[in-house]
Amino acid sequence: MSLEKYNSKRNFSDTPEPSGKKAIDKGKLTFVVQRHHASHLHYDFRLELGGALKSWAVPKGPSLNPKDKRLAMMVEDHPISYAGFEGDIPAGNYGAGHVDVWDHGTYEPIDEDGGVITAKQFSQHLHAGSIKFRMHGKHLKGDFALVNMKKDEKTWLLIKHHDKYATEEPYNSEDYAKKSSLAYTAGRNKDKVVKKK
Ligand code: MN
């Protein structure tokens, strides 16, 4: 995995984002979901693997409803240090807009049967286009899958599995965004009251 693409897209003298350096995997694998209000609002879903964050842009955000198959476009790997990034990417820079952490925590790679597997096995599943993982976040809990759509290597679907954390109710990640994040969304959610869990 390489961070060359990440670095080449950014001018670090002009954006507060961290420059990309590979990190060493130590202990638990982490994940982060960042709400990114750029030219289009989307959620960036990132899983630590191989010293970087594998990343997908999810236009509608993640869902805890297994009926939702959320489009997830694979984007360039991001550095592990990006998981802590929140703030404004100045106009004229790649991804210009506002970034907030929506959820973060650890995850375990799992197989078809829900058994925990190694990061190496998980990498192989990733290359084969189908991964499953168990999330331990504030909003995202339980088992999920990311499945490549085969039409191209970038188009994936993010799907919640049926388990005790799944819901049958409509799920809108915007309902769980911080109030300060919603202030950056012109119009649509400006006056919306954020639900407390
Ligand atoms: Mn983004």
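Trainee: Which residues does T15 touch, not counting residues up to four places away in sequence?

Mentor: This is a predicted model, where local features need pLDDT of at least 70, side-chain atom pairs count only at pLDDT 80 or more, and totals for chains, interfaces and linings use all residues. Residues are numbered from 1 along each chain as its sequence is written, and side-chain values use heavy atoms, with hydrogens and water left out. Contact means heavy atoms within 4.5 Å. With residues up to four places away in sequence left out, T15 touches R10, I89, P90 and N93.

Trainee: Is T15 buried or exposed?

Mentor: Buried means under 20% relative accessible area, exposed over 50%, and partly exposed in between (1.4 Å probe, protein chains only). The relative accessible area of T15 is 6%, so T15 is buried.

Trainee: Which protein residues are donors of the manganese ion?

Mentor: Donors are N, O and S atoms within 2.8 Å of the metal (3.2 Å for Na, K and Ca); water is not among the atoms, so sites may look incomplete. Along the chain the donors follow the spacing H-x5-H-x1-D. Lying 2.2 to 2.3 Å from the manganese ion, the protein donors are H36 (ND1), H42 (NE2) and D44 (OD).

Trainee: Which residue in strand 4 is the bridge partner of S55?

Mentor: Strands are DSSP runs (E, at least two residues), numbered from the N terminus, and two strands pair if DSSP finds at least two bridges between them. Strand 3 runs antiparallel to strand 4 (residues 69-78), joined by four bridges. R46 stands opposite S55 in strand 3. In strand 4, the partner of S55 is V75.
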